[in-house]
Structure formats: structure tokens, C-alpha cells
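Good morning, colleagues. Please turn to the sequence and the structure on the screen, and I will guide you through several of its local features.

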Amino acid sequence: MIEYIIFLLIIVIIFSVLVQSYNLALGYTGILHLGHIGFYAIGAYTSALLTLNHIPFLLALLISTFFGALAGLLVGLPAIRLRGDYLALATLGFGEIIRLVALNWTDVTRGPLGVTAIPRPEVFGFIFRSGFSTLLLYLLLGGIIHLLIYKIVNSPYGRVIETIREDETASKALGKNTAKVKLQVLAISAAGAAFAGSLYAHAFNFIDPSLFRIIEMSTILIMIILGGLGSFWGPIIGTTAVYVIFEPIRFLPIPIEILGPIRRLLYALIFILIILYRPQGLIGRMKYFHKKR
Amino acid sequence: MLDILPQILVNGLIAGALYSLIALGLSLTYGILQFINFAHADLAIVGAYMFFFGEKAMKWPLTINFLFAIIVVGILGIVIEHLTFKPIRRAPAVAPMLASIGVQITLQSLILIFFGSAIESFDHSIVKSYSFFGDKIAITNTQIFAILSSLILMLLLFAYLKFTQTGKAIRAVADNLEVSSILGIRPNRIIKIIVFIGSILAGFAGIFIGYDYNLHPTMGIPLIIKAFAAVIIGGLGNIPGAIIGGFTIGILENLAIGLTPLPASYKDAIAFILLILILFLRPQGILGQATESKKIV
């Protein structure tokens with residue numbers, strides 16, 4: 001039982017990093033991109049393949065984070081000027097292309113079989129074999145990302161990105177190069193996703209393309225909406241709530257083959273209800289959806 | 001290589017006709033509601049599963065299955081609109097768009113719960129294959145029916161929008177919702193009609209997609225991306241554009257798989273790449289006019 005709880009906590013940490021980095025783009029800056037899962041996949045695959053080729057864990061983590069940022073820049077350069085819904089579509093397509101490449105580039109990614117035997121995290125010769133030691137390491141690593149994002153959103157730069165969300169035209173009129181700032185935010189956000197991907201790969205030692213389906217993107221959306229868009233604690237609360245609310249369903253007498261769909265159905269219904277009746281999420285302060293159009 | 005070209009083109013036309021039907025509904029509703037509805041292709045899948053339900057579980061005759069599936073999808077479309085999109089009609093477009101992702105997952109989960117995750121298929125005993133031009137082209141009777149009836153449906157829709165009073169009201173609402181409501185058109189009634197038409201077209205397409213590709217609960221995802229690509233190619237809200245876009249996607253993806261060494265598993269990626277290219281190069285679409293970009297977030 002205790003192992004199960006440690007396992008859950010590790011998942012919550014990884015997802016909270018993934019969702020927090022998404023929050024920076026969607027919640028704080030209002031960049032409606034739906035390709036976050038693609039950056040997560042890039043991080044997971046890069047880190048897994050590097051460590052399997054004897055690159056140390058910490059270096060692989062840094063390289064994959066850098067690759068994530070690079071991918072964010074590459075996607076953002078053409079995409080960031082697109083209007084909201086077009087940006088959503090283009091980035092959704094990007095995420096799915098990444099998954100299809102992972103699925104079909106079998107020489108490198110081993111396709112649908114996935115990458116197995118990914119090394120455990122290792123820092124200066126110490127290998128984090130047990131769940132508990134991994135949990136402590138991930139608390140530290142995940143905490144660093146949360147702290148960095150906290151610093152960003154509470155800096156003058158953070159106020160700039162929030163003005164972009166509230167009124168991009170006004171922000172431009174004040175002399176801000178909003179396209180450049182949005183591109184930077186997308187790159188940072190993508191780096192965070194890749195970081196989370198790397199953490200996932202080494203904690204569970206196995207990745208395959210099915211982890212990065214569009215439907216997993218909707219899990220990220222549910223967590224962020226549930227917690228509250230554009231609030232620092234939102235992603236942490238949202239991620240935790242999703243696991244605390246939905247994990248116990250596993251123990252109900254429901255046949256295993258419909259357990260997943262039932263869980264997803266509940267996710268989706270709560271998601272819709274929140275958008276309709278509590279758009280600020282559980283703890284959000286901002287009425288994200290209540291601006292009139 | 002040129003031997004297979006006619007067959008590739010025919011396959012492209014068949015796929016294109018079905019994509020067009022889905023794109024049409026998407027474009028129609030976008031024209032009025034101004035948000036991207038991710039759940040639209042899943043309505044097509046629900047249609048296919050309803051047809052499957054009628055056939056396998058109820059053993060109804062073909063025509064009844066067909067009507068049953070289409071009517072269920074039409075009503076479902078209206079119910080979804082009423083419960084999820086109507087309450088947030090005045091919120092920024094990001095809200096209904098995200099809500100539609102919730103609807104999409106809801107529909108997929110319901111299909112999984114009731115029908116399971118296995119790949120299912122319709123009764124193929126009515127399907128007959130015909131060959132033309134000395135076996136250069138093989139086509140089934142369901143495919144012929146799909147193409148012909150899609151074209152007829154498209155013509156009917158044009159005539160409806162062009163010549164009937166409701167059709168004119170629909171175009172007025174699409175043009176300017178507020179002004180048309182001042183002029184005495186009830187927008188909610190028009191929106192319900194549009195959603196019903198769009199859903200029926202999707203359900204119709206879904207049944208033929210079921211005949212051609214079998215059934216899987218998550219098959220709406222590649223389909224919605226293709227329909228988006230079709231709509232964007234034609235210009236958002238542009239009805240003839242959606243049809244041209246649908247055929248373009250259908251033919252191009254079949255050409256790319258048939259004539260290049262690209263593995264068939266990349267078929268779905270072609271629509272995504274086209275979508276991204278069009279968004280970057282000509283976001284107003286091939287037929288659309290450049291307009292001032294709307295801020296929707």
C-alpha cells in the first residue's frame with residue numbers, strides 16, 4: 001500500500017510539473033496551444049534514448065529540457081502569430097505528428113513496442129532504485145521547476161505576460177514586443193514539459209507512443225481547468241485532486257475493462273461542469289472565461 | 001505506378017466525400033457560433049455505432065438502422081448544444097472550444113462503456129464490389145452510394161440555404177447575429193436547426209466510414225483533424241470551401257500514400273501537415289478572403 005501511495009505521489013509530481021508549465025503558457029499568457037503533450041514526448045524520448053546510450057541522467061535531463069525549449073521555439077516561430085483557434089489547431093497537429101513519428105520511426109524509438117529498460121535516475125553515482133528515494137529526488141527537481149515558474153510569474157516579466165492575456169493590443173501599445181514574449185513563454189513552457197517527460201521516463205523505465213495520445217492532452221487540460229487557470233497553486237491542486245478523486249474508483253467493484261472509460265467519463269463531465277459553472281477552477285481567482293466577446 | 005492511379009483517385013474521392021460531409025457541419029456551425037467544435041467528428045462515430053447497434057443488437061432492416069442512427073445523432077447534437085454550448089455562448093471562444101473537448105471525451109467514453117474497445121464491423125453481406133476499366137478500378141456499392149448521396153446532400157443543402165426562408169435566416173445569422181436578432185430572427189431557433197443539419201450530415205458520413213474502415217471508439221480523432229484541415233483549406237465558415245477542402249484532403253492523402261514511399265501508417269499525419277502548412281501560408285484558406293484576425297482568447 002505504501003508503495004502504491006509513493007507511486008501516486010511520484011505521478012502527481014511529474015504531472016504537476018507538466019501542468020504548471022502548461023499553465024505558464026495557457027493560464028498566464030493566454031497562449032491556447034494544444035501540443036503540450038508533444039513536448040512532453042520529446043523530453044521523454046530524448047532522455048530515455050540518451051541514458052540508454054550511457055549519458056548520465058542529469059545531463060540527459062538537461063539536454064532533453066533544452067530540446068523541449070528548441071521544439072517550442074521551432075513550433076512557435078511560425079505559429080505564435082496565428083489567432084487563438086488556429087494556433088490551437090496547428091499545435092494539436094504538431095503534438096499528434098510527434099506521436100506518429102514516435103510510432104513509426106521504429107529504428108530509433110522501437111515504434112509501438114516502446115523503449116524499455118530506461119535507467120533509473122542517477123546523481124553523481126548514486127542510483128535512485130527505491131520508490132522513496134526517487135520521490136525525494138523528484139520533490140526536489142519538481143520543486144525547482146515550480147519555484148522557477150513562481151519567480152517568473154511574480155516578476156515584472158510575469159506582469160507583462162498577464163497583460164498579453166488580458167489585452168494584447170494594449171500591451172503592444174505600451175511598447176511590448178508581444179510576439180517575442182509569447183515565443184519565449186512557449187519555449188519555457190515546452191522546456192518544462194520536456195523536463196516532466198524526462199522525469200516520467202526514468203521513474204517508470206518504460207515509454208511508448210500511447211502515453212502521448214491526444215486524449216492524454218485532455219487529461220492535462222482537465223487538471224489545469226480543475227485547479228484554476230492562471231493561478232500558481234492551481235496546477236498542483238488540480239493534479240492532486242484528479243488523483244485523489246479518481247484513483248479510489250480503482251477499488252470499486254467495476255469490471256476492469258470499463259474502469260478506464262468510466263474514469264474518463266467522470267473527468268470529462270466534471271471538466272464540462274467546471275467550464276460552465278466554475279470557470280475559475282477550484283482555487284483560481286481569475287474569471288478566465290467571463291470576459292464578454 | 002500509373003496503373004494504380006485511377007484507383008487512388010477513386011479512393012480519394014470516396015474519402016473526400018465523407019470528409020466533406022463532416023467538414024460541412026463543422027463549417028456551418030463555426031459560421032454562426034464562432035468556435036471550433038472538437039466533438040463534431042465523434043457525432044459521426046456515434047452515428048456509426050448506432051447503425052451497428054440497430055444491425056447487431058436489434059436486427060432491424062437496413063433502412064430503419066439508417067434512419068435510427070441519423071435521427072439519434074441529430075437529436076444528440078441538439079441536446080449537446082443546449083446543455084453545454086448555449087450556456088456559455090457569450091464567453092470567449094476558448095470556453096466552448098474547451099467544453100467541446102470535454103464533450104468529445106464524454107462521447108468516446110460512452111462508446112467504450114457500451115460497445116467495448118474492440119474493433120467492430122458492420123454486416124458486409126450487402127456489400128458488392130464492382131470493377132471498371134478491366135479491373136483498374138474496384139468500387140463497392142456502398143461507396144458508390146456514399147459518393148452519390150453525399151453530392152445530393154450537398155446540393156440540397158445549397159438549395160436550402162439559398163432559396164428557403166429559413167436558409168436566408170441562417171445566412172443572416174451567420175453574417176451578423178445581433179443585427180439579425182433585432183430584425184426578428186430568433187437566433188436560438190436558427191442555431192438549433194444548423195446544429196441538427198450539421199449533426200445529421202456527420203452521422204450520415206459516419207455510417208459510410210463504418211463500412212469502409214470498420215468501427216473503433218477513438219476513430220473520431222484523426223477524422224476531426226481532417227475535417228478541420230478541410231475547413232481551413234476552404235476558409236472557415238465557407239460552405240463550398242469546406243467541400244473543396246474535404247476532397248483535397250481525401251485525394252492528397254491517398255496520392256501521398258499510393259505514389260510515394262511513405263508508409264501507410266503516416267496517412268493521418270498528411271492531413272496534420274497540410275493543416276499546419278495552410279495555417280502558416282494562407283490562414284484565410286484557398287477561397288477565403290483575408291480579414292482582420294479575430295481575437296478569440
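Which element holds both A:E96 and A:R99, and about how many helical turns separate them? The two residues sit in helix 4 (residues 84-104) of chain A, and because they are three residues apart there, about one helical turn lies between them. Please bear in mind throughout that this is a predicted model.

The pair is joined by a salt bridge: the closest N and O atoms of A:E96 and A:R99 are 2.7 Å apart. Both A:E96 and A:R99 are buried.

A second salt bridge in chain A links A:R264 with A:E216, and here the closest N and O atoms are 3.3 Å apart. A:R264 belongs to helix 12 (residues 256-277) of chain A and A:E216 to helix 10 (residues 214-227) of chain A, so this pair ties together parts that are 48 residues apart in sequence. Again, A:R264 and A:E216 are both buried.

In chain B, B:R90 forms a salt bridge with B:E178, with 4.0 Å between the closest N and O atoms. B:R90 is located in the loop between helix 3 and helix 4 (94-115) of chain B, while B:E178 is in helix 7 (residues 177-182) of chain B, so the pair ties together parts that are 88 residues apart in sequence. There is also a network, in which salt bridges that share partners join A:E162, A:R165 and A:E166. Over all chains, the count comes to twelve salt bridges.

Let us remain with chain B and consider helix 9, which covers residues 220-234 and contains B:K226. Is B:K226 buried or exposed? Its relative accessibility is 6%, and B:K226 therefore counts as buried, the limit being under 20%. The side chains of B:K226 and B:D268 are joined by a polar contact of 2.9 Å. Leaving aside residues up to four places away in sequence, B:K226 touches B:D268, B:Y19, B:I249, B:E253 and B:A271.

Helix 9 of chain B also contains B:V231. With a relative accessible area of 2%, B:V231 is buried. When residues up to four places away in sequence are not counted, B:V231 touches B:A23, B:L26, B:S27 and B:L236. As for B:I243, twelve residues from B:V231 along the chain, the C-alpha atoms of these two residues are separated by 8.0 Å.

I turn next to the surface of chain B. Which residues make up the nonpolar surface patch of about 520 Å²? They are B:L67, B:I71, B:I75, B:V79, B:L83 and B:F196. Helix 3 (residues 62-85) of chain B supplies the largest share of this patch, namely five residues. B:F196, by contrast, lies in helix 8 (residues 187-213) of chain B. B:F196 is partly exposed, having a relative accessible area of 30%.

My last topic is a pair of strands. In chain B, strand 1 (residues 129-132) and strand 2 (residues 137-140) run antiparallel and are joined by four bridges. Within this pairing, B:S131 stands opposite B:A138 of strand 2. The two strands form a hairpin with four residues between them. In the turn of this hairpin, B:F133 has a positive phi of about 50°.

Thank you for your attention.

How values were computed:
Residues are numbered from 1 along each chain as its sequence is written. Chains are lettered from A and ligands numbered from 1 in the order in which they are written. This is a predicted model: local features need pLDDT of at least 70, side-chain atom pairs count only at pLDDT 80 or more; totals for chains, interfaces and linings use all residues. Side-chain values use heavy atoms; hydrogens and water are left out. Patches are made of residues with over 30% relative accessible area and no salt bridge: like charges are joined within 9 Å, nonpolar side chains (Val, Leu, Ile, Met, Phe, Trp, Tyr) within 5 Å. Accessible areas come from the Shrake-Rupley method with a 1.4 Å probe; for residues, only the protein chains shown count as cover. A salt bridge is a side-chain nitrogen of Lys or Arg within 4 Å of a carboxyl oxygen of Asp or Glu. Buried means under 20% relative accessible area, exposed over 50%, partly exposed in between (1.4 Å probe, protein chains only). Two strands pair if DSSP finds at least two bridges between them. A polar contact is a pair of N or O atoms within 3.5 Å; within protein, one must be able to donate a hydrogen and the other to accept it, and residues adjacent in sequence count only if both atoms are side-chain atoms. Contact means heavy atoms within 4.5 Å.
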